[in-house]
Amino acid sequence: MPLIERMAKIETQGLSKTYRSGGETTVALNDLTISVREGEFLTIVGPSGCGKSTLLYIIAGFLKPSAGRVLVDGRPVEAPGTDRGIVFQEYALFPWRTVLDNILFGLEYQALSRPERLARARQYIEFMGLEGFEHRYPKELSGGMKQRVALARTLCYNPDVLLLDEPFGALDAQTREIMQDELLRVWRETKKTVLMVTHSVSEAVYLSDRVIVMTSRPGTRKAEFAVGLDRAGSREQIILTPAFAELQSRIWMQVREEVLRSRT
Amino acid sequence: MARTLQGSVPVLIVAGLWELTSRLALIDPEHLPPVSAILRAWADLVFSGHILPHLAATLYRALAGLLLAIVFGVALGVWMARSRPVERFVDPLITLTYPLPKVAIIPLTMLWFGIGHLAKILVVFIGCMMPVIIHTFHGARGADHLLIWSAQAMGAGERAILRKVILPAALPAVLSGIRIALAFSFVIVIGAELVASRAGLGEAKTGSMTTCSPRSWLS
Amino acid sequence: MVRVGRVLLSYYSAFLLLLVWEGVAQAGLVRALFLPPVSTILAQGAALVADGTLVTDSGISIVRALVGLGLAAAVGIPAGIGMARLRAVHWFCDPFVTIGFPTPKISLIPIFILWFGIGHLSTILLVGFGTLFPIVVATYHGARGVERLWVWSARAMGAGERDVLWKVVIPATLPFIFTGMRVALPLSLILVFTSEMVAGGGGLGFILINAQRYFETPTVYAALYAVLLIGFVFDRLLLLARERILGWHEEATKAVTEAEV
């Protein structure tokens, strides 16, 4: 394999996924090839039901592809592994565990002593601004707080790759913006490779280095955009630039076509 | 069809083992008659018609008690949901008596009404009423306030609201209450019959051959 | 003090009813054979407690119910989880659950008497068998319905098959197991009392039916009060345990007076 400038962290090759239920077959993904560079923030947008979550589940190792394969660090993915962390829209916190115990879950499979685990968990509780909530149960938390816990839980066992499945989809508009900025901060400070799916175009443009638009079912790659915004300023400064607006509308036109196509 | 066939395999296996145990007299056949003997005895009972009057009596008692319980329970449940004073009066009585195993009242109803239909129907009625009241109450109380308010805004009176908003809203809950009550009714009626007929061991032996299956077919 | 007063006040209708009962009975409006005054019943109850019968026989019934329940839980919970997780277990058990679940287990009393006599053993086994099905079914549904995302999250964090079972499936199934117990508990009392009424062999059920046969009405009522008390205390204890163990669960803290059969 020729070494291009940097090796791809995640690579999917001709990935397809079909579901069979009863006599009907649904093609969720069709021959999808993408690659994510190390340290890159790549976002996939597309209409609902285009198979973008399926893609994440295959990369995470929860589902097996019908054809094609996934390489992470050049090695094929067979099963879930701690090199890839995933955060779901529905948080998927264990309701019977407190915030602290939820965060400790992933550390229970690392070669760490109990004090080391506690110290690490506390570090990420602080990192995500969860101090004072350590002993609350998930049912006592707001959506934004739950997503902070989910992020902390995934970050603290230090996976190389973050897979984010519509992470802010269940949050209200204000909380969503705050959490987007939190995610940017996390990404900058941890330098992880991030692959996110969302159906919010502005979220994709605001957060990513690169955006891939997927077609409606069966999902495959439709268009690709390099973002390359200057992120020096504040949120307001960034989203009010003409470059941001222009890119957002170009991407939106692509997505809109697919949304309309899937309706007819 | 294929699933039913497949599902019957484990049953056949166990029935076969049972038959074998009994045939080989590993357990006294007197205590554990072979499956084939039970099936034959059961078939005899059904075809000879001896079991039919008993079955009819059981059904009659269970359903009569259940029907009374539904009529009374739904009315009381809705009334409780619509009126605070009624709720305050009835609710503690239900909370206190709900955990009472209803079969324990059987001796009492026997004391009052002997061992005929009435004693059994009364126990069934009392036992079945509880789940119907509770479910109806929760269903009617849970009716969406916005729906009630919009009905009022459109000029509906209390009767119309009851009939057109609250009862339809409560219906699923009422039905689940009735489903529970139905199961209760058979448990209670069989319990009452067992107690009130003072089944001796002799009767129990024939009983063992008969009660096994037909009841399960009913419920 | 104020709190206790308020709770008592909220039960005013129960006191009112007892008062009316006392009045009606004292006035002789109903024959004492059918409805003795509450005071007479309480006095009889006190006498039966004093001479030990009520306590001993209540104890017998309670032990039978609890041991039977314990057996059912010990078999039913693993069976339910096994059915949900292993195809072979499901294949074998499902037909029996389908047949056994809706059968009124109370109709098996004569068979259990025939097989195991009229003592502790037959009653305990009857309770165990009778309460097995609601426990299996509730556990099975709970274990089947474990959120896919919880299992996935655990896998992604490095949990193996055993960890998923102990740290995800079992805790997630716990609320359903409690629901099953909430059904099984009253069922166990029903089975115990009926079996004792039919077969004798001591216990509160036997006291009830025996007193009825000899027309000792106050004893019938006193025993009934004891039955009510046991049922009530059992139910409250279970709710309390649920609240303590399932404090994390969305609905555990709201007390529901609901039972499924």
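The model is predicted: local features need pLDDT of at least 70, side-chain atom pairs count only at pLDDT 80 or more, and totals for chains, interfaces and linings use all residues. Residues are numbered from 1 along each chain as its sequence is written, chains are lettered from A and ligands numbered from 1 in the order in which they are written, and side-chain values use heavy atoms, leaving out hydrogens and water.

Start with chain B. Its secondary structure comes to 10 helices and zero strands. Helices (H or I, at least four residues) and strands (E, at least two) are DSSP runs, numbered from the N terminus. Chain B has 219 residues, and 46% of them are buried. Buried means under 20% relative accessible area, exposed over 50%, and partly exposed in between (1.4 Å probe, protein chains only). Take the contacts in chain B between residues at least 6 apart in sequence: 75% of them join residues at least 24 apart. A contact means heavy atoms within 4.5 Å. The chain exposes about 11,300 Å², with 71% supplied by carbon and sulfur atoms. Such areas come from the Shrake-Rupley method with a 1.4 Å probe; for residues, only the protein chains shown count as cover.

Next, the aromatic rings. Rings of Phe, Tyr and Trp (its six-membered ring) pair if their centres lie within 6.5 Å; planes under 30 degrees apart count as stacked, over 60 as edge-to-face and the rest as tilted. Over all chains, the count comes to 22 aromatic pairs. C:Trp21 and C:Tyr221 are edge-to-face, because their ring planes stand at 65 degrees, with the centres 5.5 Å apart. This pair links distant parts of the chain: C:Trp21 lies in helix α2 and C:Tyr221 in helix α11, 200 residues apart. C:Tyr221 is buried, at 2% relative accessibility.

C:Phe129 and C:Phe133 also form an edge-to-face pair, 5.4 Å centre to centre with 85 degrees between the planes. Both lie in helix α7 of chain C, four residues apart, or about one turn of the helix. C:Phe129 is partly exposed at 34%, whereas C:Phe133 is buried at 8%.

Ring pairs also build a cluster from A:Phe94, A:Trp96, A:Phe105, A:Tyr109, C:Trp150 and C:Trp248. A:Arg153 lies over the face of A:Phe94, 4.9 Å from the ring centre. A charge sits over a ring if NZ of Lys or CZ of Arg is within 6 Å of the ring centre and within 35 degrees of the ring normal.

Now the charged pairs. A salt bridge is a side-chain nitrogen of Lys or Arg within 4 Å of a carboxyl oxygen of Asp or Glu. There are 30 salt bridges over all chains. One joins A:Glu40 and A:Arg37 at 3.3 Å, N to O. A:Glu40 is buried at 4%, while A:Arg37 is partly exposed at 38%. Both belong to a network of salt bridges that also includes A:Arg210, A:Arg221 and A:Glu224. Another salt bridge joins A:Glu257 and A:Lys222 at 2.9 Å, N to O. A:Glu257 lies in helix α8 and A:Lys222 in strand β10, so the pair ties together parts 35 residues apart in sequence.

Last, the backbone of chain A. A:Asp31 has a positive phi of about 50 degrees although it is not a glycine. A:Asp31 sits in strand β2 and is partly exposed at 49%. A:Ala92, not a glycine either, has a positive phi of about 55 degrees. A:Ala92 lies in the loop between β6 and α2 and is buried at 3%.
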